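Subject: A structure for you to look at

Hi,

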Amino acid sequence: MSLSIFDLFKIGIGPSSSHTVGPMLAASRFIEQLENRALLSQISRVKTELFGSLALTGVGHATDTAVLLGLSGEVPDQIKPETVKPLVQTIRQEHRLKLAGEIEIQFNEDKDLVFNYAESLPEHPNGMRFSAFDSAGIVCFDAVYYSVGGGFVLSEQEMKTAPELDSASSLNIQKEVRPYPFNSGKALLEQGQKSGQQIADMMLANELALWQQADQSTSEEQIKAQIKEKLLHIWQVMDNCVRAGCSKTGVLPGGLKIKRRAPALHKELTEKPENALKDQLTVMDWVNLFAMAVNEENAAGGRVVTAPTNGAAGVIPAVLTYYVRFLNSSEEGIVRFLATASAIGMLYKENASISAAEVGCQGEIGVACSMAAGALCAVMGGTNEQIENAAEIGMEHNLGLTCDPIGGLVQVPCIERNTMGAVKAINAARLAIRGDGQHHVSLDSVIETMRQTGLDMQDKYKETSMGGLAVNVVNC
């Protein structure tokens with residue numbers, strides 16, 4: 001497993017990493033394939049077919065919008081959220097789009113963007129097929145991609161042949177170069193015991209090695225500085241998202257008429273600070289605010305950090321903001337927080353899943369809670385064993401969590417669920433740091449249990465909006 005820290009933390013737009021970010025990247029990859037084959041100028045039509053969960057909740061998750069953006073040459077970490085709506089409106093009104101922003105073709109949404117509600121592709125619930133036609137109606141090139149969670153996209157061939165998820169890494173590492181390789185929590189702890197290093201130190205050393213493999217012309221010190229700068233930029237985007245969510249009022253898009261709650265809560269907390277003297281749990285209100293602000297921004301299609309998914313994008317920023325504002329924080333601590341969280345996230349990505357369409361919301365909120373718990377424990381001075389314990393607690397009490405969004409929107413119960421995940425992560429870290437790191441259930445055991453639980457879970461509870469709250473609550 002040669003994933004980068006930045007494979008777990010991607011900058012993109014809401015509302016979903018698997019249903020928005022992934023399909024946008026897949027469409028972009030398809031266009032890139034056409035360019036590599038010198039076919040782009042010959043194309044007069046592109047057809048996109050969505051399958052499984054992508055079809056069932058695609059409209060609510062803006063998958064249709066994401067596909068149009070990707071075909072137009074846009075990518076999640078560069079597009080400005082405020083340009084999305086006018087660009088898509090123009091495509092739909094004029095019935096034309098520009099492939100890669102250059103080659104204009106006709107676009108008939110009814111025929112060229114197909115939702116196959118009753119069919120899934122074999123490798124993963126989030127499958128999509130792109131087909132490009134010439135002026136004679138002949139298929140010039142087609143490809144199948146899978147959005148496997150957290151903004152990771154794999155081609156059909158990669159899904160079938162990749163022994164690990166290395167092909168999903170942004171750095172495209174071909175061989176093991178990390179000084180502290182691990183594929184389990186046990187192996188991670190053993191590496192720490194042998195080296196005497198903290199998890200964050202080992203992760204940063206691994207990241208350095210990955211970057212050096214990809215760029216052998218830059219000095220070690222320069223790369224270290226770049227890694228730190230990029231991690232602090234991730235934090236800055238998170239912080240900006242919290243601040244934006246605290247200030248923007250109105251109703252979230254999608255038809256549920258969900259009112260943004262973060263601005264009112266922020267106003268109450270800032271205008272009545274004396275309440276903290278009466279109620280020592282007021283800090284929990286702040287944590288709720290941080291998580292709610294992020295996920296209201298996500299639901300509105302704003303700029304967020306996939307951490308490790310968009311549906312769970314508020315948990316880690318909320319806990320990290322809690323660390324920055326309420327504990328003895330530092331830039332070094334922020335870097336160590338994110339590095340530790342990524343190590344935990346990689347274990348889930350490698351050994352289970354971070355896709356709600358595959359294992360339910362335990363793979364999103366549960367994983368984010370586990371990552372945040374371990375990371376907070378680390379910056380509070382926890383040992384590797386206590387960090388592993390915190391991460392285990394964070395997931396153990398999210399096992400079986402279903403994904404049943406009302407109306408296919410990342411709003412109810414998703415927004416409040418992020419607040420619960422954040423508070424639970426803080427409690428998990430506090431429980432672990434009060435112990436000695438010895439505990440009955442290992443992180444590896446709880447990850448395997450999560451995987452098995454996901455396999456046993458009925459599909460209607462896995463991001464299809466066909467079960468749970470999605471069918472028991474009137475959505476209009």
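Which residues does the UniProt annotation "domain: Serine dehydratase beta chain" cover? According to that unreviewed entry, the answer is residues 4-157. Please keep in mind as you read that this is a predicted model.

In the model, the span 4-157 is 37% helix and 29% strand, and its end C-alpha atoms lie 22 Å apart. UniProt has another annotation, also from an unreviewed entry: "domain: Serine dehydratase-like alpha subunit", for residues 196-470. Over residues 196-470 the chain is 64% helix and 1% strand, with 49 Å between the end C-alpha atoms.

The domain assignment of the chain gives its own bounds: domain 1 is 17-161 and domain 2 is 175-461. Their C-alpha centres lie 29 Å apart. Where they touch, domain 1 brings 19 residues to the contact and domain 2 brings 17.

How much area do the two domains bury between them? The figure is about 1200 Å², and 55% of it is on carbon and sulfur atoms.

Two elements of domain 1, α2 (17-36) and β7 (139-149), each supply at least two residues of the side that touches domain 2. By class, that side of domain 1 has seven nonpolar, 10 polar and two charged residues.

Finally, some backbone details to find for yourself. Most residues other than glycine have a negative phi, and most peptide bonds are trans. Here are some exceptions:

- Glycine 14 and proline 15 are joined by a cis peptide bond, with omega about 10°. Proline 15 sits in the loop between β1 (10-13) and α2.
- Alanine 307 and proline 308 also have a cis peptide bond between them, with omega near -5°. Look for proline 308 in the loop between β9 (303-306) and α14 (315-326).
- Alanine 38 is not a glycine, yet its phi is positive, at about 55°. This alanine 38 is in the loop between α2 and β2 (45-51).

Best wishes

Methods: Residues are numbered from 1 along each chain as its sequence is written. This is a predicted model: local features need pLDDT of at least 70, side-chain atom pairs count only at pLDDT 80 or more; totals for chains, interfaces and linings use all residues. Side-chain values use heavy atoms; hydrogens and water are left out. Domain bounds come from an automatic or database domain assignment. Contact means heavy atoms within 4.5 Å. Buried area is the accessible area (1.4 Å probe) that two parts lose on being put together, summed over both. Helices (H or I, at least four residues) and strands (E, at least two) are DSSP runs, numbered from the N terminus. Ala, Val, Leu, Ile, Met, Phe, Trp, Tyr, Cys and Pro count as nonpolar, Asp, Glu, Lys and Arg as charged, and the others, Gly among them, as polar. UniProt positions are given in the numbering used here, feature names are shortened, and annotations may be inferred rather than shown by experiment.
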